[in-house]
Amino acid sequence: MLKRYLLAPGPTQVPPEVLLAMARPILHHRAPEFAALFAEVREDLKWLFQTRNDVLTLVSTGTGAMEGAVSNFLSPGDKALYVNGGKFGERWGKLCKTFGVNATEVKVEWGEAVDPQTVADALKKDPAIKAVYAQASETSTGVAHDVRALAEIVRSREDTILVVDAITALGVFDLRADEWGLDVLVAGSQKALMLPPGLAFVSVSEKAWRLAEKAKNAAFYFNFKKEREAQQKNQTAYTAGVSLLLGLQEALKMLKAEGLGNVFARHARLAHAMREGMKAAGLSLFPKQSPSDALTVVSAPSGVDGQAVYKNLREQYGITAAGGQDHLKGKIFRISHMGYVDTFDVIQAIAATEMVLTGLGHPVKLGAGVGKAEELLLAK
Ligand SMILES: *Cc1c(COP(=O)(O)O)cnc(C)c1O
């Protein structure tokens, strides 16, 4: 037998309470019970997004909401700017291209965070740019971009919105949609929200709705205006993801019971222990700055194939983590600590990493990383 542990940066572990909630009989999406459930969930999502605006729920993965965040706000030929510091930043560029948007790329070296000044300069050079797209947490590199600083730059411009992919950031660290001016905030169910894949969420500011009024791109399924109309009546335009919404109700209950500040503090504490533990095991972290608290990205030591680490974690110890993508394949491995995670998820990951590296012939002092993490996670 090999017991399985899920420590991938999505999908992530789902708490038993949430699994049980989703096992309930199927609720019909036009039944009165559904409207009551959706009303509650919609309110709790506003709490999580720290917004007074509507948070739309869509049946799709996160990318569906990203797509909608391009098609609903821009017309073919419109200008946009996107921060490309990894696989998901690159996706903004591909989406813009798909919808005929003329997008300027702000290229950021993988492992680095965007310098907000470069975005400010690009916007100054081209006042016609209507939207800025970025990740709050770039999951392919483990870097957090300073979206608060980006918001400060964008918010003074009357006709430009900031769109943030917060798919591995919402529910991990503080993101204040209204207070900071994050006009459009995108999230997905299978990362920090402790749910299976299948729901995407998007909050939209008044400024962004004004832009949506003028947009001429085609959006049929991911039509935010149509969804807003329905969702304000606690309905969905098409069939709702009813079982996932029952799970979401439970997950939001758990997050509310913990408190938003405590949720962020837990992630910060676990992320810190993971990073320090990996360093104490003699490893170096891939991000050169601003590591995201959602996951830890570790550079494979020289002579060690990062894919072999990922593969052996899985095959020898039952732990599903993640490898690197594109040119980082073989160079890194990625371990998540977002969502339904606590002390022993981190200890387990560090212990298994030490064991795998030893198995691969890389010298590690067994227990060095674990000891460090234990020290940092000791209950007070
Ligand atoms: C997971 C993820 C996505 C969405 O991917 P899906 O497969 O569509 O859920 C987008 N952006 C980031 C930063 C992610 O981590």
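Which polar side-chain atom lies 2.8 Å from an oxygen atom of the ligand? That atom belongs to Q190, and the views below start from there.

This is a predicted model, in which local features need pLDDT of at least 70, side-chain atom pairs count only at pLDDT 80 or more, and totals for chains, interfaces and linings use all residues. Residues are numbered from 1 along each chain as its sequence is written, and side-chain values use heavy atoms, with hydrogens and water left out.

View 1. At G62 a polar backbone atom is 3.3 Å from a ligand oxygen. A polar contact here is a pair of N or O atoms within 3.5 Å; within protein, one must be able to donate a hydrogen and the other to accept it, and residues adjacent in sequence count only if both atoms are side-chain atoms. On its own the ligand exposes 380 Å², and the protein buries 87% of that (Shrake-Rupley method, 1.4 Å probe; for residues, only the protein chains shown count as cover).

**View 2. The shell around the ligand.** Two elements give two or more residues to this shell, α3 (62-71) and α4 (87-98); helices (H or I, at least four residues) and strands (E, at least two) are DSSP runs, numbered from the N terminus. With three residues, α3 gives the most. In total 13 residues surround the ligand, and the closest are T61, T63, T139, D165 and K191; a residue is near the ligand if one of its heavy atoms lies within 4 Å of it. The shell divides into three nonpolar, seven polar and three charged residues. Ala, Val, Leu, Ile, Met, Phe, Trp, Tyr, Cys and Pro count as nonpolar, Asp, Glu, Lys and Arg as charged, and the others, Gly among them, as polar.

View 3. The buried residues of α5 (residues 116-125) are V119, A120, A122 and L123. They are on the same side of α5 because they cover an arc of only 165 degrees around the axis, taken from the directions from the helix axis to the C-beta atoms. An α-helix has 3.6 residues a turn, so residues three or four places apart point the same way. Buried means under 20% relative accessible area, exposed over 50%, and partly exposed in between (1.4 Å probe, protein chains only). The cover over the buried residues includes β3 (79-84), β5 (129-135) and α6 (147-154), with contact meaning heavy atoms within 4.5 Å. On the face turned away from the buried side you will find the exposed residues K124 and K125.

**View 4. T236 in its loop.** T236 belongs to the loop between α9 (224-231) and α10 (242-258). It counts as buried because its relative accessibility is 8%. Its side chain reaches the backbone oxygen of Y238 at 2.6 Å. Leaving aside residues up to four places away in sequence, T236 touches R30, F34, F38, E227, A230 and Q231.

**View 5. Backbone details in two loops.** The peptide bond from G10 to P11 is cis, with omega near -5 degrees, and P11 lies in the loop between β1 (5-6) and α1 (16-22). M194, in the loop between β9 (184-188) and β10 (199-204), has phi near 65 degrees, a positive value in a residue other than glycine. M194 counts as buried, at 3% relative accessibility.
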